[in-house]
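Q: I have a chain open here and want to go through it piece by piece. Can you take me through it?
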Amino acid sequence: MANNILKGKRGIIFGALDSKSIAWKVAEHAHAEGAKFVLTNAPIALRMGTINVLAEKTNSVVIPADATNMEDLTALYKGAMKELGGKIDFVLHSIGMSVNVRKGKAYYEQNYDWTIKGYDVSALSFHKTMQAAWDLDALNEWGSVLGLSYIAAQRVFHTYNDMADNKAVLESIARSFGYHYGLRRNVRVNTISQSPTDTTAGSGVSGFDGFYRFANDLSPLGNASADDCADYCISLFSDYTKKVTMQNLFHDGGFSFTGMSETAMDSYLKIMEDERKDKK
Ligand SMILES: NC(=O)c1ccc[n+]([C@@H]2O[C@H](COP(=O)([O-])OP(=O)(O)OC[C@H]3O[C@@H](n4cnc5c(N)ncnc54)[C@H](O)[C@@H]3O)[C@@H](O)[C@H]2O)c1
């Protein structure tokens, strides 16, 4: 389906850990659409993951950077501009991590050191990736910056924990930086609110399989896959979406605006019928 719509564009893609990662799919699709880009991830993730396979496949280089560290980010932009031969047209921030979630702490029993770490990695790093670019004037006119969010920013998903707060801040940063970068360089900044997706970060949330099934049952189009998400990202990096900015864009098969569906209702009716039978 590739149409070369990113031909001539230079990008930086954060967050490809393994072949399930949303960022991995975005890199594959961006390559197919003619973009040149640098891949990046935290140094520890580079040791654990398989990013070099992706780099080879997409003819790109890997520059390590901890997205919470401004020195790393500055070196990343400088390295990327040198490697790609000019300023950057698109940035994908596909990063998330909560220590509280990882360690099984509930929302009401947070370890605040872990909360602050998760906030820095999952939300503030989005601001840092843009401020580092701003300081170097590293983004081209009509560039596009994207972060990935989840609907727990608006509605409660009981085990999503402090990541819900981080996503709310992430979306707010997209609006605020989108305003300033829009004025300065016509750069657009958006977040995509993606369906539950079977990745390392996604499946780390307790009850992930239930969230996935519930969302799929409620969505008229079914859950959006990582590949679907990559297609949407490509459209937002392309010149076809130049005036879309400061938005949180739901990419979830219709989940966010569905109150009840036939499939979900059938499941409840079945449970109620079973309960009635048990009572007899
Ligand atoms: N999987 C889902 O269900 C789902 C749904 C909606 C949104 N998202 C969001 O999509 C994004 C990508 O997650 P994914 O599902 O592809 O999982 P993933 O685990 O493959 O990707 C998360 C990435 O964050 C990177 N990362 C963590 N700390 C970092 C740091 N300090 N510096 C740089 N990178 C760091 C990890 O190394 C990893 O590559 C996240 O923001 C996630 O919250 C995921």
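A: Terms first: helices (H or I, at least four residues) and strands (E, at least two) are DSSP runs, numbered from the N terminus. This is a predicted model, where local features need pLDDT of at least 70, side-chain atom pairs count only at pLDDT 80 or more, and totals for chains, interfaces and linings use all residues. Residues are numbered from 1 along each chain as its sequence is written.

Q: How many helices and strands are there in the chain?
A: Eleven helices and seven strands.

Q: And the confidence, where is it lowest and where highest?
A: pLDDT is the predictor's confidence in each residue, from 0 to 100. The chain has a mean of 96, and 100% of its residues reach 70 or more. The lowest mean is 86, in α8, and the highest is 99, in strand β4 (residues 88-93).

Q: What about overall dimensions?
A: The C-alpha trace spans about 75 × 45 × 40 Å along its principal axes. The radius of gyration, taken over C-alpha atoms, is 20 Å; a compact globule of 280 residues would have one near 19 Å, so the two agree. The globule rule behind that is 2.2 Å times the number of residues to the power 0.38.

Q: What share of the 280 residues is buried?
A: 45%. A residue is buried if 20 or more other C-beta atoms lie within 10 Å of its own, exposed if 12 or fewer, and partly exposed in between, with C-beta atoms placed from the backbone.

Q: OK, the ligand. Which residues come nearest?
A: Ser21, Ala45, Gly96, Ala201 and Gly202, out of 27 residues around the ligand. A residue counts as near if its C-beta atom, placed from the backbone, lies within 6 Å of the molecule.

Q: Which elements supply that shell?
A: α1 (22-32), β5 (139-149) and α8 (200-203) each give at least two residues. The largest share, three residues, is from α8.

Q: How do the shell residues divide by type?
A: Into 14 nonpolar, twelve polar and one charged. Nonpolar here is Ala, Val, Leu, Ile, Met, Phe, Trp, Tyr, Cys and Pro; charged is Asp, Glu, Lys and Arg; the others, Gly among them, are polar.

Q: Now the inside. Which residues have the most contacts in the largest nonpolar core?
A: Ile13, Ala27 and Cys233, in a core of 60 residues. Helix α10 (residues 226-237) contributes the largest share of this core, seven residues. A nonpolar core is a set of buried Ala, Val, Leu, Ile, Met, Phe, Trp, Tyr and Cys residues joined through C-beta atoms within 7 Å. Apart from that core lies another, of eight residues, including Val101, Tyr150, Ala152 and Ala153.

Q: What is Ile13 in contact with?
A: Ala23, Val26, Ala27, Phe37, Leu39 and Leu92, leaving aside neighbours within four places in sequence. Contact means that the C-beta atoms of two residues, placed from the backbone, lie within 7 Å. Across the chain, 74% of contacts between residues at least 6 apart in sequence join residues at least 24 apart.

Q: Back to Val101. Where does Val101 lie, and what does Val101 touch?
A: Val101 is in helix α5 (residues 99-102). Not counting residues up to four places away in sequence, Val101 touches Asn161, Met163, Gly204 and Val205. Val101 has 22 other C-beta atoms within 10 Å and is therefore buried.

Q: And His127, which class does that fall in?
A: His127 counts as partly exposed because it has 18 C-beta neighbours inside 10 Å. His127 is found in helix α6 (residues 112-136). Beyond four places in sequence, His127 is in contact with Ile173 and Phe177.
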